[in-house]
Amino acid sequence: MFSSSYIELSKAALSKNIRFLKKQLYPEVLLSSVVKGNAYGHEIEKFVPLAEECGIHHFSAFSAEEALRVYNSRQSNSDIMIMGCVDNDSLEWAIENNISFYIFNLERLERTVKIIKKLGVSARVHLELETGLNRTGLSGELLEKVVALILKNSDRLHVEGVCTHLAGAESIANYKRIADQLTSFGELCSWAQQAGIETGLRHTAASAAALTYPETRMDMVRIGIAQYGFWPSKETEMQYILREGEQPRNRYTDPLRRVLRWKSRIMNLKQVKQGSFIGYGTSYQTMKRQTIAAVPVGYFHGYRRSLSNLGKVLIHGRRVSVVGNVNMNMLLVNVTELTNPQVGDEVVIIGKQKRSQITVSSFSDMSNLLNYEALVRLPSEIPRIVVD
Ligand SMILES: Cc1ncc(COP(=O)(O)O)c(C=O)c1O
């Protein structure tokens, strides 16, 4: 292994998460695996075949660039849907390769019509409806124009789905907001149907909505964070616990397993005298004689400098402290309390070791990041390795 650290992807964890999620949903609901943001930092090329082995056959990407990576890495003929960005050139590629994509403005639809006429092929589209997120989404006059153009070209334009993205589903306090969005969605769908559109798959839910609001599941759910083993919010997890009737502290075990684990090894060990400053600057001074381990992971590798004198890693199954400033390629750890640490011993930066764990959320709490953001910031250069 040339790399100074690596990220393991656990097939067993993913398989368990998918089984759990499928059990939570109704059996007829299609589970689309959301792989935007480099599969939430897990790496599209490694994650897609793994997910297929775990029974996933539908992937949602944000952009054509990500869709191309899914296309090149899928092992079976899994469906690919683009929820966001497709420019002129990639739109033609998507259509030619039977990749579906969202329509949320007239420009993209007009281009689609031109391309299908030019190539003599058909296209699969999902109409994104505006229900309250106010990000992308069709409503009012714009929706009328889009529907009119679809109907004019219905021989080659196949509306595979009608969808929206719900705002606020991570909190049960937003119940009314969700209910209002669903009402708007229902009204827009009915309007489109009456206008002559066959609405196909209806999909509104990401992880939080799918787990907390059963009425949002409809025909398909787009699951990102939960498949990777993270609850979208503490509240979503608590709603699940309450529904299951379990007591959080004594009987509860989290049904979701983290798929990802970030590891390195001790690169060097050094005995340091009492009163020595560790690393650059004077932010850490030893109070007694200490053993300091150097770990070849620094801010270049995504271990934030703000974790200087704050971060924890696991060695020998114990939490040990980062001391001194995090360097570009290295961090230093106080291993004085460990029994006989050795160069080459495993260091876990995120994940489990024996009975201890550094969660992405504790890692991200320490550096003030959301799970989502901490995951996608893991540099793509760190090799991802699939383990059973
Ligand atoms: C349109 C859309 N659907 C689904 C998802 C997946 O969300 P989550 O990771 O919360 O499941 C996202 C991610 O933000 C999204 O933008």
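You're looking at a predicted model, so local features are reported only at pLDDT of at least 70 and side-chain atom pairs only at pLDDT 80 or more, while totals for chains, interfaces and linings use all residues. Residues are numbered from 1 along each chain as its sequence is written. The protein has 12 helices and 18 strands; helices (H or I, at least four residues) and strands (E, at least two) are DSSP runs, numbered from the N terminus. Its C-alpha atoms fill a box of roughly 80 × 50 × 35 Å along the principal axes.

**The whole protein**

- Of the 388 residues, 41% are buried. Buried means that 20 or more other C-beta atoms lie within 10 Å of a residue's own, exposed means 12 or fewer, and partly exposed is in between, with C-beta atoms placed from the backbone.
- Among contacts with a separation of 6 or more, 65% come from residues 24 or more positions apart. A contact here means that two C-beta atoms, placed from the backbone, lie within 7 Å.

**Two domains**

- The protein splits into domain 1 (11-244) and domain 2 (260-387), with bounds that come from an automatic or database domain assignment.
- Where they touch, 12 residues of domain 1 are in contact with 11 residues of domain 2.
- On the domain 1 side, helix H2 (36-40) and helix H3 (44-53) are the elements that give two or more residues, and H2 gives the most, with 3 residues.
- That side of domain 1 has 5 nonpolar, 4 polar and 3 charged residues. For these classes, Ala, Val, Leu, Ile, Met, Phe, Trp, Tyr, Cys and Pro count as nonpolar, Asp, Glu, Lys and Arg as charged, and the others, Gly among them, as polar.

**The barrel**

- Strands close into a barrel here, 8 of them, in the order E2-E3-E4-E5-E6-E7-E8-E9 and with parallel pairing. Two strands pair if DSSP finds at least two bridges between them.
- From one strand to the next, the twist averages 30°.
- Strand E5 (residues 100-103) and strand E6 (residues 123-128) run parallel and are joined by 3 bridges. Tyr102 has His126 in E6 as its bridge partner.
- Helix H6 (residues 106-119) lies across E5, E6 and strand E7 (157-163), at about 170° to E6. Axes are lines fitted to C-alpha atoms, for helices over the stretch in contact, and angles run from 0 to 180 degrees between N-to-C directions.

**Around the ligand**

- The shell around the ligand includes Val34, Met83, His165, Arg222 and Pro232; a residue is near a molecule if its C-beta atom, placed from the backbone, lies within 6 Å of it.
- Helix H9 (207-212) and strand E9 (220-223) each supply at least two residues of this shell.
- By class, the shell has 8 nonpolar, 3 polar and 1 charged residues.

**Buried spots**

- Helix H4 (residues 64-73) is largely enclosed by the rest of the structure, because 7 of its 10 residues are buried. Among them are Glu66, Arg69 and Tyr71.
- The cover over the buried residues of H4 includes H2, H3, strand E3 (58-61), strand E4 (79-82) and helix H5 (88-96).
- Leu14, in helix H1 (residues 11-24), counts as buried because it has 27 C-beta neighbours inside 10 Å.
- Leaving out residues up to four places away in sequence, Leu14 touches Leu50, Ala51, Cys54, Gln227 and Val259.

**Antiparallel strands**

- Strand E11 (residues 268-272) pairs with strand E12 (residues 290-295) in the antiparallel sense over 5 bridges, and Gln271 has Thr291 in E12 as its bridge partner.
- E12 is also joined to strand E15 (residues 331-334) by 4 bridges, again antiparallel, with Ala294 opposite Leu332 in E15.

**Two positive phi values**

- Most residues other than glycine have a negative phi.
- Met218 has a phi near 50°. Met218 sits in the loop between H9 and E9 and is buried, with 21 other C-beta atoms within 10 Å.
- Asn309 has a phi near 60°. Asn309 is in the loop between E12 and strand E13 (312-315) and counts as partly exposed, with 15 C-beta neighbours inside 10 Å.
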